[in-house]
Each structure stands twice: as C-alpha cells, then as structure tokens.
Amino acid sequence: MVKRFLADNHIDFEEVNIDEQPDAIEWLKAQGFQSVPVITSDAQTVIGFRPDQLRKLAS
C-alpha cells in the first residue's frame, strides 16, 4: 500500500526489501524500529501506512 501511495502521488522512493537484503534488518533494529514498512526522508520518518504523514513527503 505504501509503494502504491508513493507512486500514485509521484513521490520518488528507493525500496530496500529485507527479504532480499537481510543486512537492512540489523540497521532497522539499531535504529529502534520493530516493524516495517519504515519510510525515511531528510524531513521525517514514517512507520507503517500513514497517508496523512506520507502526503507531507510530497511537499
């Protein structure tokens, strides 16, 4: 749902798939995250599908 939302709103993103890149799991744990998806930008971090917060990334 997050990928579709970002694409539909023309928000560029780079996907890191933890199934294909298990090293990313250690980074997530080190940052204190316990679930995915985690969307990071220079401005904010969004955990989960939060359209209200994801819209801010388009600004």
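Biologist: Where does His10 lie?
Modeller: In this predicted model, His10 lies in the loop between α1 and α2, the latter covering residues 23–30.

Biologist: Is His10 buried or exposed?
Modeller: His10 is exposed, since its relative accessible area is 73%, and the cut-off for that class is over 50%.

Biologist: What separates the C-alpha atoms of His10 and Ala58?
Modeller: They are separated by 7.5 Å, although His10 and Ala58 are 48 residues apart along the chain.

Biologist: Turning to the overall fold, how many helices and strands are there in the chain?
Modeller: The chain has three helices and two strands. Read from the N terminus, the order of these elements is α-α-β-β-α.

Biologist: And what box do the C-alpha atoms fill?
Modeller: Along the principal axes, the box is roughly 30 × 20 × 15 Å.

Biologist: How many aromatic pairs does the structure hold?
Modeller: It holds two aromatic pairs. One of them joins Phe5 and Phe49 in an edge-to-face arrangement, with 6.0 Å from centre to centre and 75 degrees between the planes.

Biologist: Which parts does that pair tie together?
Modeller: Phe5 belongs to helix α1 (residues 2–8), while Phe49 sits in the loop between β2 (45–47) and α3 (51–54), so the pair links parts that are 44 residues apart in sequence.

Biologist: What about Trp27 and Phe33?
Modeller: Trp27 and Phe33 form an aromatic pair that is tilted, with 6.3 Å from centre to centre and 40 degrees between the planes.

Biologist: Why does that angle count as tilted?
Modeller: Planes under 30 degrees apart count as stacked and those over 60 as edge-to-face, so an angle between these limits is classed as tilted.

Biologist: How accessible is Trp27?
Modeller: Trp27 is partly exposed, its relative accessible area being 44%.

Biologist: Now to charges: how many positive and negative side chains does the chain have?
Modeller: There are 6 positive and 10 negative side chains, and the centres of these two sets lie 10 Å apart.

Biologist: How many salt bridges does a search of the whole structure find?
Modeller: The search finds two salt bridges. In one of them, the side chains of Lys3 and Glu15 meet at 3.4 Å, N to O. Lys3 is in helix α1 and Glu15 in the loop between α1 and α2, so this bridge ties together parts that are 12 residues apart in sequence.

Biologist: Which residue forms a salt bridge with Asp52?
Modeller: Arg50 does, and the closest N and O atoms are 3.4 Å apart. Asp52 is partly exposed, with a relative accessible area of 42%, and Arg50 also counts as partly exposed, at 36%.

Biologist: Finally, what share of the residues in the chain is buried?
Modeller: Buried residues account for 19% of the 59 residues. The accessible surface comes to about 4800 Å², and 46% of that belongs to carbon and sulfur atoms.

How values were computed:
Residues numbered from 1 in each chain as written. Predicted model: local features only at pLDDT ≥ 70, side-chain atom pairs only at ≥ 80, totals over all residues. Heavy atoms only, no water. Phe/Tyr/Trp six-rings, centres within 6.5 Å; stacked < 30°, edge-to-face > 60°. Helix = DSSP H or I, 4+ residues; strand = E, 2+ residues; numbered from the N terminus. Buried < 20%, exposed > 50% of the residue type's maximum accessible area, 1.4 Å probe, protein only. Areas by Shrake-Rupley, 256 points an atom, 1.4 Å probe, with all protein chains shown as cover. Lys, Arg positive; Asp, Glu negative; His and termini not counted. Charge placed at Lys NZ, Arg CZ, Asp CG, Glu CD. Salt bridge = Lys/Arg side-chain N within 4 Å of Asp/Glu carboxyl O.
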